[in-house]
Amino acid sequence: MDLPPFKTYSDRSGQSGVRAYALVPGAILLRFADDRAIYLYDDVEPGAQHVTAMRRHAEAGSGLATYINQHVRDRYRAKLGGD
C-alpha cells in the first residue's frame with residue numbers, strides 16, 4: 001500500500017501527541033509521537049462528522065489531540081504497521 005505524503009502537525013501548544021497527518025478523500029491518517037503505527041480514521045469509523053472536524057484541527061495545527069481524546073478515542077478504522 002502506497003501512503004500519501006504526511007505533513008508535520010504544527011502543534012501550536014507544543015504538547016500534542018499527534019506528530020503528522022495525511023489527508024485523503026473521506027479520511028485522515030495520523031502518526032502519534034508514542035507509536036510507530038499509522039491510524040486511519042474515515043467516513044465509516046469514526047464517521048464523516050468526526051473526520052471533518054479532525055481534518056479542520058489538523059490543518060489549523062491546534063486541538064487535534066484534544067478532539068480525538070474527547071470525541072473519538074479508539075474508534076479508528078485501521079491500524080497500519082507498528083507493534
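The structure is a predicted model. Helices α1 and α2 pack against each other with their axes 9 Å apart. Ring pairs join F32, Y39, Y41 and Y76 into a cluster, and a cis peptide bond links E45 to P46.

**Packing of the two helices**

- Helix α1 covers residues 48-60 and helix α2 covers residues 64-72.
- The angle between α1 and α2 is about 160°; angles over 145 degrees count as roughly antiparallel, and α1 and α2 are therefore roughly antiparallel to each other.
- The two helices, α1 and α2, cross in a right-handed sense.
- On the α1 side, the residues in contact are Q49, H50, A53, M54, H57 and A58.
- Their partners in α2 are L64, Y67, I68, H71 and V72.
- Sorted by class, the contact of α1 with α2 comprises seven nonpolar residues, four polar residues and no charged residues.

**Aromatic pairs**

- Rings count as paired if their centres lie within 6.5 Å, and by this rule there are three aromatic pairs.
- In the pair of F32 and Y39, the ring centres are 5.5 Å apart and the planes stand at 75°, so the pair is edge-to-face, planes over 60 degrees apart being counted in that class.
- Both F32 and Y39 are buried.
- The ring centres of Y39 and Y76 lie 4.8 Å apart with the planes at 80°, so this pair is edge-to-face.
- The pair of Y39 and Y76 connects distant parts of the chain, 37 residues apart: Y39 belongs to strand β4 (residues 38-42), whereas Y76 sits in the loop between α2 and β5 (78-80).
- Y39 has a relative accessibility of 9% and therefore counts as buried, the cut-off being under 20%.
- Y76, at 28% relative accessibility, counts as partly exposed.
- Together, F32, Y39, Y41 and Y76 form a cluster linked by ring pairs.

**Proline residues and the cis peptide bond**

- P25 is placed in the loop between β2 (18-24) and β3 (27-32).
- With 83% relative accessibility, P25 counts as exposed, as the cut-off for that class is over 50%.
- The C-alpha atoms of P25 and D42 are 8.8 Å apart in space, while the two residues are 17 residues apart in sequence.
- P46 is located in the loop between β4 and α1.
- The peptide bond between E45 and P46 is cis, with omega at about 15°.

- The phi angle of R73 is near 55°, a positive value in a residue other than glycine.
- R73 is exposed, its relative accessible area being 53%.
- G81 is found in the segment after β5.
- G81 has a relative accessible area of 55% and is exposed.
- G81 and A37 are separated by 44 residues in sequence, yet their C-alpha atoms are 4.8 Å apart in space.

Conventions
Residues numbered from 1 in each chain as written. Predicted model: local features only at pLDDT ≥ 70, side-chain atom pairs only at ≥ 80, totals over all residues. Heavy atoms only, no water. Axes fitted to C-alpha atoms, helices over the stretch in contact; angles between N-to-C directions. Helix = DSSP H or I, 4+ residues; strand = E, 2+ residues; numbered from the N terminus. Parallel < 35°, antiparallel > 145°, perpendicular 65-115°, else oblique. Left-handed = near helix turned anticlockwise from the far one by under 90°. Contact = heavy atoms within 4.5 Å. Nonpolar A, V, L, I, M, F, W, Y, C, P; charged D, E, K, R; others polar. Phe/Tyr/Trp six-rings, centres within 6.5 Å; stacked < 30°, edge-to-face > 60°. Buried < 20%, exposed > 50% of the residue type's maximum accessible area, 1.4 Å probe, protein only.
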